[in-house]
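Okay, thanks for coming, everyone. Have a look at this one with me, and I'll talk you through a few spots in it.

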Amino acid sequence: MANAYDTQAPVRFTGRLLLLGYGCIGRGVLPLLLRHVDMVPGQITILAAAEVRDDSRLALGVPLRVATLTRDNYQDILAEELGPGDFLLNLSINVSSLDLIAWCQEHGVLYLDACIEPWAGVYTDPKLPPSERSNYMLRELAHGLRLPGVRPTAVLTHGVNPGLVSHFVKRALLDIAAAVLPEGEWQEPHDRAGWAALAQRLKIRTIHIAERDTQVPVVPKQPGEFVNTWSVDAFAAEGRQPAELGWGSHERHWPADAHRHGYGCDATIYLDRPGMAVRVRSWTPREGAYHGFLVTHGEAITITNFLTVKEGEHVVYRPTVHYAYHPCDAAVLSQHELEGKGWQLQARRRALGPNDIAGGMDELGVLLGGHARNAYWFGSRLTIEEARTLCPSNNATSLQTAAGVLGGVVWAMRHPQAGIVDPDDMDWREVLAVASPYLGELIGEFTDWNPLQGRGALFPEDLDREDPWQFKNVRV
């Protein structure tokens, strides 16, 4: 499909940009911002909780301010760094996105984050019921910040997932429609209702965010250490949240440990288990069938809600949507150790930089199942070697995420008065035109795999053989 957007022409931005947080994604996206946004390094300030030596930042001449944002000081610090027409790029953890969004909406500042974060401790506070530790609640509260009138753009949860995967879903729906619907009897939708109607017409029953990371560290994981290809603290935090999934209208087997939230859009449910402890079956083209973890992510909420069809208040169509994440093998070992220690995070934590990885790739996409061609995967396959070539400060995982952040930032700058938006509200072609050069091989592939294959041969299983795409069959 030809792009209608010139990815070579940088978007002009005359304001200041505050980059909050300078972990692997912050370091990865900084050089991309200066490639694709017409601005100078002096317009950017990095705000980090500790001194960070980074040769790329020093070479670019971007200043660093060391400060920790708290409930007591965040308004004063933001007021010193930002004003109307400026941009807050929030790539931090343990800082309330809700408070930052509210401040930006009130002060005319553009905003983007890759995850809606609470203040430190909320995700793992045993005094809070599971629903109050969920991404569902955080999104509902974020949408509650919408104010009347024209407001500055605030893009919620726009990395690769959440973020780019919402655009992958739209591309996948078009590919499936082209393969199974008569030519001339359908067209690309232009609004939420149209996309939902297309998904319903195609009989999409489930959407997996299907990811397999095969990157291998040069130095193997050691006992008492958590190793990952991106932020250990962020992954451990979300992995210990309740498992959350969009609950489809076709589902007929209610999980014994499942609950509805009882407020808001009602598109998702949660399980009485941390996401790192819930395994699901899925498929990617290179890996084939695999077991992943149902870690909560914002896209399970936004995609499900976006593709819902209602008659009045009654839901007549909605797909089941969830993450099916197989991180790098070192991270799986780390998770196993973490669970064995009663979910107490290891003292030693290692996020792998581009030079810490011996080989491998991150294969990340969306698997849409239940239609006339069974299942279709569309997504990105990016190797560590490609990532080093495209932007040396990244590994494969961080570059996929940085590409999503970049695409979202450029979109927000082009549409500075859109108010609070989810990734699904944005133009998928416009965003992918910016992000695609950093995603390696973008491929789509049909498959005859389903979660019943190979089941019940060695031991009997309680399965729904009439409908392979029941969550009962997907869950391990």
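Predicted model: local features only at pLDDT ≥ 70, side-chain atom pairs only at ≥ 80, totals over all residues.

Let's start at G359, which touches T214, Q215, V216, I384 and E385 once you skip residues up to four places away in sequence; by touching I mean heavy atoms within 4.5 Å. Numbering runs from 1 along each chain as its sequence is written, and side-chain values use heavy atoms, with hydrogens and water left out.

Back to G359, then. It sits in strand β21, residues 357-359. Strands here are DSSP runs of E, at least two residues, and helices are runs of H or I, at least four, numbered from the N terminus. Is G359 buried or exposed? Buried, at 14% relative accessible area, where buried is under 20%, exposed is over 50%, and partly exposed is in between, using a 1.4 Å probe and protein chains only.

Leaving out residues up to four places away, T268 touches Y136, L245, G246, W247, H261, A300 and I301. With Y136, the C-alpha separation is 7.5 Å across 132 residues of chain.

Y136 and I301 come up again where two helices pack. Y136 joins N135 and R139 on the α5 side, and they meet I301, T302 and N305 in α9. So how do α5 (135-143) and α9 (299-306) cross? At about 65 degrees, with axes 9 Å apart; the axes are lines fitted to C-alpha atoms over the stretch in contact, and angles run from 0 to 180 degrees between N-to-C directions.

Now helix α1, residues 24-36. Its 13 residues reach 19 Å from first C-alpha to last, close to the 18 Å expected at 1.5 Å a residue, that expectation being 1.5 Å times one less than the number of residues. There's a kink of about 25 degrees at L30, shortly before the proline P31; the bend is the angle between axes fitted to the seven residues ending there and the seven starting there. And 11 of the 13 residues in α1 are buried, so the helix is largely enclosed by the rest of the structure.

On to the cores, meaning sets of buried Ala, Val, Leu, Ile, Met, Phe, Trp, Tyr and Cys joined through side-chain atoms within 4.5 Å. The largest has 99 residues, and F87, L89, L173 and I207 have the most contacts inside it. Helix α12 (396-414) supplies the largest share, 11 residues. A second, separate core has 27 residues, including W103, V109, Y111 and W119. As for L173, beyond its neighbours within four places it contacts W195, L198, A199, L202, I204, L307 and L368.

The N161 to P162 peptide bond is cis, omega near -5 degrees, and P162 is in the loop between β8 and α6. N94 has a positive phi, near 65 degrees, without being a glycine; N94 lies in the β6 to α4 loop and is partly exposed at 38%. D266 also has a positive phi, near 60 degrees, in the loop between β13 and β14, and is partly exposed at 30%.
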